Amino acid sequence: MKKTILFFALLTVSITAFSQVKVRPGVRLGLNAANITNISDSDTKIAPNAGLFVNIHLSNFYELQVETNYSNQGASRDNNALHFTTVDPYDPYYRNYLNNDINVHYVSLAIANKFFVIPDVGLHLIVGPSIDINVSDDTFFDVTPVDFALFGGIGYEFPFGLGIEARYKQGLIDTRDNYDGDSFYAGSDGYYIETDGDYYDGDNWLNSVFQLGVYYKFNF
């Protein structure tokens, strides 16, 4: 008898929990304010981002959102000004004149964890990881094919499915392909000194992106 009661109690709890789960697809559209850290004379670049997602509503205070996004990143340079730019991106001292913008086009897979501050109210916090794949670039250096990033932000969702969000995404992989942090340039004759330096040496070229956008969740 006790086992029967326990079974029906667990069944009731499971049905109640499952009834709260809602799966809704959606679209995202926004703008990036992107830059790459530690590049001389670089400036913020304004570019678009867009994506598709599947939102899984698990409770009144938590949603899991799987996203596929396009993001135009890089850095801007003023074509009316003369800039120093590294000829060899691994060497911060060996430089030449160049003023080209840096354009990198990423397609990414992200998992956004949304925490609603007050249950049933649209205000929410966002945090999650992202894998960004470089599908095309226009730069003066070879860009890494894949970047790993972490992002966080805040948003508000209206009851009819429209939402606005502000996110900051920080890349974790140096954008220079084959960079290992184990050599640096020294002297006027252009030779390198091999070291046992750390990968994160304070001079890394990392993606840094502020994103502002809107989204809409469909209710099929």
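1. To start: in which strand does Asn 69 lie? Look at S3, the strand that covers residues 62-75. Keep in mind as you read on that this is a predicted model.

2. Next, is Asn 69 buried or exposed? Its relative accessibility is 9%, and the cut-off for buried is under 20%, so Asn 69 counts as buried.

3. One is the side chain of Arg 28, at 3.2 Å. Another is the side chain of Glu 67, with a polar contact of 3.1 Å. Leaving aside residues up to four places away in sequence, Asn 69 also touches a set of residues that includes Ala 50, Gly 51, Leu 52, Tyr 106 and Val 107.

4. Now move along to His 124, which sits in strand S7, residues 123-138. His 124 has 0% relative accessibility, so it is buried as well.

5. What does the side chain of His 124 reach at 2.8 Å? That would be the backbone oxygen of Gly 122. The His 124 side chain also makes a polar contact of 3.1 Å with the side chain of Glu 165.

6. Around His 124, again not counting residues up to four places away in sequence, the contacts include Lys 114, Phe 115, Phe 116 and Val 117, along with Gly 153, Ile 154 and Tyr 215. Glu 157 is on that contact list too. Glu 157 is 33 residues from His 124 along the chain, with 8.0 Å between their C-alpha atoms.

Conventions
Residues are numbered from 1 along each chain as its sequence is written. This is a predicted model: local features need pLDDT of at least 70, side-chain atom pairs count only at pLDDT 80 or more; totals for chains, interfaces and linings use all residues. Side-chain values use heavy atoms; hydrogens and water are left out. Helices (H or I, at least four residues) and strands (E, at least two) are DSSP runs, numbered from the N terminus. Buried means under 20% relative accessible area, exposed over 50%, partly exposed in between (1.4 Å probe, protein chains only). Contact means heavy atoms within 4.5 Å. A polar contact is a pair of N or O atoms within 3.5 Å; within protein, one must be able to donate a hydrogen and the other to accept it, and residues adjacent in sequence count only if both atoms are side-chain atoms.
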